[in-house]
Amino acid sequence: MARVLLRNVTKVFGKVVAVDNLTLEVKDGEFMVLLGPSGCGKSTTLRMIAGLETPSKGEIWIGDTLVNDIDPTKRNVAMVFQSYALYPHMTVFGNIEFPLKMMRVPKSERKRKVIEIAKFLGIDDLLNRKPHQLSGGQQQRVALARALVREPEVFLLDEPLSNLDAKIRTQMRFELKKLLSHELGITTIYVTHDQVEAMTMADRIAVMNKGRLQQVGTPEEIFYKPKNTFVATFVGSPQMNIIKGEVISKNNRKFFVTSFFEIPVPEDTPEGEILIGFRPQHVIVSTAPMKGFIEGKIIGIEKLGVENYVHVDYGEFEIIIKAPENIAIKERIYWKPESEKMYFFNPKTKTAIY
């Protein structure tokens with residue numbers, strides 16, 4: 001296994017900066033997830049590590065080797081794409097065996113390795129089938145087997161579960177994490193735009209936006225200590241409420257004030273313009289007026305299984321609140337954020353104020 005280090009890596013396509021001065025270290029044996037919206041540069045980053053794209057600037061290290069000018073076939077990395085890219089005319093055995101053929105591994109050794117990895121992934125009874133005879137989950141396992149049979153130092157996965165239905169995707173998240181982290185301990189870099197995949201699978205998450213790295217941390221750090229408003233609103237469902245207002249002192253206390261309401265804030269909160277954030281789950285709700293609660297009119301309700309989220313309109317902005325099941329549209333609701341679970345951001349830089 002090996003660590004992966006990207007040092008000041010930039011990738012430019014014409015006038016478009018796809019990856020902008022990225023520095024990131026993936027530790028030996030770590031499961032790192034690159035998370036971000038479409039077009040943020042995460043797949044381009046993965047392709048540069050694999051050698052399918054060449055950095056415009058910067059260095060890429062795998063272990064102790066600078067690999068910028070090393071052929072992709074000699075980097076000892078394996079990559080699984082969103083499409084799986086199985087050869088339709090080959091059997092499962094042939095698909096898994098193919099990279100070993102390219103490496104000129106002896107036939108008897110190829111057969112042993114293919115059977116071994118197929119048993120490991122639970123697809124040894126499928127070796128004589130063609131890809132079109134397999135389910136999506138089975139095809140995904142074959143793609144994994146074809147990559148893992150090479151015994152790579154680094155495993156790269158680009159949205160590998162996006163073609164699966166929700167039930168199989170949940171199962172495969174668990175299986176992939178168990179296989180790559182707990183059983184193989186292989187250095188893994190996994191690209192996704194799905195925050196649930198990132199939060200449930202990653203040892204650490206690297207959040208990207210517009211080619212730039214926004215934050216690196218454990219799932220808990222990303223969720224509970226976002227460094228800026230992008231991370232705060234991208235991670236979490238429904239997304240964090242962000243409201244612009246002003247902090248003032250009044251009657252020996254500090255308040256966050258908008259045109260529609262005011263909220264008490266900690267005494268160490270800086271005065272002046274500020275952005276306040278709080279998650280929909282971190283709100284105290286009442287269906288009757290209560291002292292210190294803010295009144296609002298419900299304009300929409302989202303029923304997400306056992307949870308209800310209501311949209312409350314204040315003209316210039318809406319907020320989303322987790323609410324009781326018996327609430328109805330157009331009703332009045334009374335709420336206040338949990339004081340210890342509020343976030344504060346600089347309105348100009350959008351960075352967190354701790």
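The structure, a predicted model, holds 16 salt bridges. One of these joins the side chains of arginine 204 and glutamate 30, with an N to O distance of 2.5 Å.

The domain assignment divides the protein chain into domain 1, residues 4–234, and domain 2, residues 241–345. The UniProt record, an unreviewed entry, lists residues 4–235 as "domain: ABC transporter". In the model, the span 4–235 is 36% helix and 26% strand, and its end C-alpha atoms lie 25 Å apart.

A separation of 40 Å is found between the C-alpha centres of domain 1 and domain 2. Seven residues from domain 1 and five residues from domain 2 take part in the contact. The size of an interface is often given as the accessible area lost when the parts come together. For domain 1 and domain 2 the buried area is about 590 Å², and carbon and sulfur atoms give 68% of this area. On the domain 1 side, Phe223, Thr229 and Ala232 lose the most area to domain 2, and together these residues account for 60% of what that side buries.

Three residue pairs are in polar contact between the two domains, with both residues of each pair at pLDDT 80 or more. The side of domain 1 that touches domain 2 draws at least two residues from each of α7 (219–224) and α8 (229–234). Of the elements on this side, α8 gives the most, with three residues. By class, the side of domain 1 that touches domain 2 comprises four nonpolar and three polar residues, and no charged residues.

Two local features of the backbone were also noted. The peptide bond from serine 237 to proline 238 is cis, with omega near -10 degrees. Proline 238 lies in the loop between α8 and β11 (241–250). Glutamate 159, although not a glycine, has a positive phi of about 50 degrees. Glutamate 159 is placed in the loop between β7 (154–158) and α5 (166–183).

Conventions. Residues numbered from 1 in each chain as written. Predicted model: local features only at pLDDT ≥ 70, side-chain atom pairs only at ≥ 80, totals over all residues. Heavy atoms only, no water. Domains from an automatic or database assignment. Contact = heavy atoms within 4.5 Å. Buried area = accessible area lost by both parts, 1.4 Å probe. Polar contact = N/O pair within 3.5 Å; in protein donor to acceptor, adjacent residues only side chain to side chain. Helix = DSSP H or I, 4+ residues; strand = E, 2+ residues; numbered from the N terminus. Nonpolar A, V, L, I, M, F, W, Y, C, P; charged D, E, K, R; others polar. UniProt positions renumbered as here; feature names shortened; annotations may be inferred. Salt bridge = Lys/Arg side-chain N within 4 Å of Asp/Glu carboxyl O.
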